[in-house]
Number of protein chains: 2
Amino acid sequence: MAVYTDITEAELRAFLEPYDIGELLSYKGIAEGVENSNFLMHTEKGSFILTLYEKRVDRNDLPFFLGLMEHLAESGLTCPLPVHRRDGIVLGELAGRPAAVITFLEGMWPRRPTPDHCREVGKVAAMLHLSGRGFDRSRKNALSVRAWRPLWNQSAARADEVEPGLSREVEADLERLEENWPDGLPSGVIHADLFPDNVFFLGETLSGVIDFYFACNDLFAYDVAVCLNAWCFERDGAFNMTKGLALLSGYQSVRPVTAAEAEALPMLAHGAALRFFLTRLYDWLNVPDGAMVVKKDPMEYLRYMRFHRNIGSAAEYGLRQSGAESH
Amino acid sequence: MAVYTDITEAELRAFLEPYDIGELLSYKGIAEGVENSNFLMHTEKGSFILTLYEKRVDRNDLPFFLGLMEHLAESGLTCPLPVHRRDGIVLGELAGRPAAVITFLEGMWPRRPTPDHCREVGKVAAMLHLSGRGFDRSRKNALSVRAWRPLWNQSAARADEVEPGLSREVEADLERLEENWPDGLPSGVIHADLFPDNVFFLGETLSGVIDFYFACNDLFAYDVAVCLNAWCFERDGAFNMTKGLALLSGYQSVRPVTAAEAEALPMLAHGAALRFFLTRLYDWLNVPDGAMVVKKDPMEYLRYMRFHRNIGSAAEYGLRQSGAESH
């Protein structure tokens, strides 16, 4: 939920002048997206999203994000397409911020994902992994295993305020993950933030994937691990095996996982939970109240960490291995 | 800026079932409206606003608000129109809240109003006052002069936290206004909240008035006084006489003010400034940070109160009286 920057009609009109999208009819700040300011614009030619990139996004990364959306859309994955100005440029500046116009995708994100949604998101994650192979840019994962300790160090001293003993518990997890983090698994472009509010459906059909602003190059199976955390837990903290099975079989129907990926999945799921726990904990402790950032409860992800710690094999998530795969 | 309540697609579809607005394609929480949750919906038949009325709105008032919009739209004033269900009903319930579907108006509200905007808003206020005469419901102004002292009593003890001496200053204003508040002036339906973010323009043309959730029966000239405060001050706190002149002449081109209204205008403008000062002060002191309510600075309106206190006649706002009017 975020509109950090408001804009005047005059500055918006000046910004839109080089675009071929017709006369501006309205623009409304929308309560979606956590990191940026988003407006839903109506013009004579249809609906568009205007995104102003706020300070948490490194502007050097924007050509990667926008280029990736374009590459994926060309590969047939339904995602928003950056709109080119007449001079070919896709990235401008508005209200002192980098800004882009993106096509609007109809569809609704599932507030209560079903196993059918999970199957579709599994499929689209795999399609994204395969489609990303032809993309010629790359971006390191700024929130990978190596980034967790510096992030943790900014919260560690105050972690026990949130729950007594938390500091020691997270420290132990972090050491375990740093020592055992898998290496050499299949990797490429991943979405890295494929939460339900980033996946739209029209009826049962997946109509689009949005918000590529954490996309990066990392292990494919880590992306699957992010999805398991984001889609397959119930509100009471229980892992829903039916959803896990649907998500993983959807994924495997497009890209079968290797034996090494399957073996690493519990460790990756544990790490993915820690990654979201750490950013949430940081915001919880450091972002002032009323700063128009929705602070999500870090404890939700602590519960997931505790769950993954005790998983013996990926079969417990619902992974069914076909056996022979090992590429 | 307000989305207090999120809704699932399933409950929204069930809510929309009795409407003839076509298949739902998307819905986005929008950052407009202070008191309610608003969603911009796209359906096969176009764009609509879905409003969920939150607890600050008395549901007994909703038939007045929705009926008024319908009445005004029929009179030719461009305002959103509540959409009827097949059974004729306009007010339903969604997520435990009263909810209505309203037609979507294209247009943009002026972040930096010009004298031309002020003239148009003056005209539309007068049109609204004339059009409201045929409306068969009425609603007392819940924030009229008699409501100010009870409101003030909830903030008075802590007012000096905001500025030393504030308590005594407001107390004196309140007494003066209570003693001298005009009576017997022309009255009828007023908007009572005609701020720039409630008035849309397409180019130079006023394309709509929205947000009738403070509308009530009160003095017409009080509505003009609200507009003077909302439209004619610059960011540095200076009153812009050119804008005042434009607003008042726009108003008078549709409905000339009476001599008694002209005489009362400084008192009404002072009172209107106090009314917005008091609600802002209350929120400032009582609404917790991070409650997703944008708390507006009450001191802006304190400056306006100080300005109006020293106004001798409505001519100082830019009012040009034609002389003979006295009906």
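Copies are superposed by least squares on the C-alpha atoms of residues with pLDDT of at least 70 in both. On this basis, in the predicted model, chain A can be laid on chain B with an RMSD of 0.0 Å. The same surface serves both copies, since 100% of the contact residues of chain A recur in chain B.

The contact between the chains draws 33 residues from chain A and 33 residues from chain B. Together, chain A and chain B bury about 2900 Å² between them. Carbon and sulfur atoms account for 61% of this buried area. Charged groups also take part: across the interface of chain A and chain B, two salt bridges are found. A salt bridge joins Arg111(B) to Asp6(A), with the closest N and O atoms 3.0 Å apart.

Within chain A, the domain assignment gives domain 1, spanning residues 9-103, and domain 2, spanning residues 115-317. The centres of domain 1 of chain A and domain 2 of chain A, taken over C-alpha atoms, are separated by 27 Å. The contact between them involves 22 residues from domain 1 of chain A and 27 residues from domain 2 of chain A. About 2000 Å² is buried between domain 1 of chain A and domain 2 of chain A, and 69% of that area comes from carbon and sulfur atoms. On the side of domain 1 of chain A, the residues that lose the most area to domain 2 of chain A are Phe64(A), Phe65(A) and Leu77(A). These three together make up 29% of what that side buries.

Side chains of opposite charge can pair when their charged atoms come close. Over all chains, a search of the whole structure finds 40 salt bridges. Two salt bridges are found across the interface of domain 1 of chain A and domain 2 of chain A. Asp61(A) forms a salt bridge with Arg139(A), the closest N and O atoms being 3.1 Å apart. A salt bridge is also formed by Arg56(A) and Asp283(A), again with the closest N and O atoms 3.1 Å apart. This pair links distant parts of the chain, the two residues being 227 residues apart. Arg56(A) lies in the loop between strand 3 (46-52) and helix 2 (62-74) of chain A, whereas Asp283(A) belongs to helix 9 (residues 259-286) of chain A.

The strands of chain A were then considered. Five strands of chain A form an open sheet in the order 1-2-3-5-4, with antiparallel pairing. Strand 1 (24-29) and strand 4 (92-94) of chain A stand at the edges with a single partner strand each, so one side of each is left without a neighbour in the sheet. From one strand to the next, the twist averages 35°. Strand 4 of chain A pairs with strand 5 (residues 97-103) of chain A in the antiparallel sense over three bridges. In this pairing, Glu93(A) stands opposite Pro98(A) in strand 5 of chain A.

In chain B, five strands likewise form an open sheet, in the order 1-2-3-5-4 and with antiparallel pairing. The edge strands of chain B are strand 1 (24-29) and strand 4 (92-94), each of which pairs on one side only. The twist in this sheet averages 35° from one strand to the next. Three bridges connect strand 4 of chain B with strand 5 (residues 97-103) of chain B in the antiparallel sense. Leu94(B) stands opposite Arg97(B) in strand 5 of chain B.

Technical notes: Residues numbered from 1 in each chain as written. Chains lettered and ligands numbered in written order. Predicted model: local features only at pLDDT ≥ 70, side-chain atom pairs only at ≥ 80, totals over all residues. Heavy atoms only, no water. Contact = heavy atoms within 4.5 Å. Pairing = 2+ DSSP bridges. Helix = DSSP H or I, 4+ residues; strand = E, 2+ residues; numbered from the N terminus. Axes fitted to C-alpha atoms, helices over the stretch in contact; angles between N-to-C directions. Domains from an automatic or database assignment. Buried area = accessible area lost by both parts, 1.4 Å probe. Salt bridge = Lys/Arg side-chain N within 4 Å of Asp/Glu carboxyl O.
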